[in-house]
Amino acid sequence: MTREEKQVLVDELSEKFQSHNAFYITDASGMSVAKINEFRRLCFNRGLEFKVYKNTLIRKALDTLGGDTSELDAALKSQSGVLFSKEAGNAPGKLLKDFYKAQNYSKNAVPKPALKGAYIDSSIYLGANQLETLSTLKGKNELIGEVIGLLQSPAKNVISALSSGGNKLAGILKTLSEKEEVAA
């Protein structure tokens with residue numbers, strides 16, 4: 001591979017890192033071609049992208065992010081595949097867990113592709129032990145939905161209390177006026 005071809009790949013990877021708010025670095029070494037293709041198909045079906053890159057190219061592209069990504073150097077060992085997600089930062093984590101479950105890995109086996117590290121909105125997570133945390137993270141849209149729901153809840157309660165109170169007041173006034181008519 002020539003220097004120009006490598007630079008094109010670094011530029012492409014840098015653009016992907018900047019346009020995706022989350023990416024996971026995985027180790028797919030030892031996976032058969034059939035398993036990698038199955039994994040890529042699952043990624044495609046969920047709107048994610050998986051591609052294998054050389055660690056040196058990943059490192060050069062990470063340097064263009066602007067923040068300190070040196071912690072991810074620990075993840076750049078052996079063969080590395082990168083999972084990209086534009087939407088939710090937890091989508092690749094959920095995908096990995098679902099893939100592991102579908103493969104029926106034994107408790108002693110190391111599931112592949114193994115999570116080596118993740119970068120989500122400038123936060124860095126290292127190691128396969130972070131998968132549970134990453135898969136339960138709430139995405140930006142989920143958090144916005146919860147905040148809107150919390151903000152709407154008190155307003156709905158006030159409106160329903162006022163509208164039900166108005167019905168009660170009208171019922172009391174009607175009853176009182178009927179009693180006055182009967183008494184008269």
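## Close-up views of a predicted model

**View 1. Ser14 and the residues it meets.** Leaving aside neighbours within four places in sequence, Ser14 is in contact with Ala61 and Thr64. Please keep in mind from the start that this is a predicted model. Ser14 itself belongs to helix 1. Is Ser14 buried or exposed? Its relative accessibility is 7%, so Ser14 counts as buried, because that term applies under 20%.

**View 2. The whole protein, before zooming in again.** The secondary structure consists of 6 helices and 5 strands, and along the sequence they follow the pattern α-β-α-β-α-β-α-β-β-α-α. Of the 184 residues in the protein, 34% are buried. The accessible surface comes to about 11,500 Å², and carbon and sulfur atoms account for 56% of that area. Contacts also reach across the sequence: among those between residues at least 6 apart, 75% join residues at least 24 apart.

**View 3. Strand 1, covered on both faces.** Strand 1 is mostly covered, with 6 of its 6 residues buried. Which residues lie on each side? Ala22, Tyr24 and Thr26 are on one side, while Phe23, Ile25 and Asp27 are on the other, and all of them are buried. Strand 1 is joined to strand 3 by 5 bridges and to strand 4 by 6 bridges. It runs antiparallel to strand 3 and also antiparallel to strand 4. Tyr24 is a handy landmark for both pairings. In strand 3, the residue opposite Tyr24 is Leu83; in strand 4, the residue opposite Tyr24 is Ala118.

View 4. With a relative accessibility of 30%, Val52 counts as partly exposed. Which residues does Val52 touch, not counting those up to four places away in sequence? They are Arg40, Gln79, Ser80 and Gly81. Val52 and Ser80 are 28 residues apart along the chain, yet their C-alpha atoms are separated by 5.8 Å.

**View 5. Strand 4 beside strand 5.** These two strands run antiparallel, and 4 bridges join them. Strand 4 covers residues 114-120. To follow the pairing by eye, look for Gly117, which stands opposite Leu126 in strand 5.

**View 6. Two backbone details in loops.** Most residues other than glycine have a negative phi, and most peptide bonds are trans. Ser78 has a phi near 55 degrees, a positive value in a residue other than glycine. Where does Ser78 lie? You will find Ser78 in the loop between helix 3 (55-62) and strand 3. Its relative accessibility is 46%, so Ser78 counts as partly exposed. The other detail is a cis peptide bond joining Lys112 and Pro113, with omega about -5 degrees. Pro113 sits in the loop between helix 4 and strand 4.

**View 7. A nonpolar patch on the surface.** What residues form this patch? Ile172, Leu173 and Leu176 do, and together they have about 290 Å² of accessible area. Leu173 is part of helix 6 (residues 140-183). The relative accessible area of Leu173 is 52%, so it is exposed, because that word applies over 50%.

How values were computed: Residues numbered from 1 in each chain as written. Predicted model: local features only at pLDDT ≥ 70, side-chain atom pairs only at ≥ 80, totals over all residues. Heavy atoms only, no water. Patch = residues over 30% accessible without salt bridge, like charges linked within 9 Å, V, L, I, M, F, W, Y side chains within 5 Å. Areas by Shrake-Rupley, 256 points an atom, 1.4 Å probe, with all protein chains shown as cover. Salt bridge = Lys/Arg side-chain N within 4 Å of Asp/Glu carboxyl O. Buried < 20%, exposed > 50% of the residue type's maximum accessible area, 1.4 Å probe, protein only. Pairing = 2+ DSSP bridges. Contact = heavy atoms within 4.5 Å.
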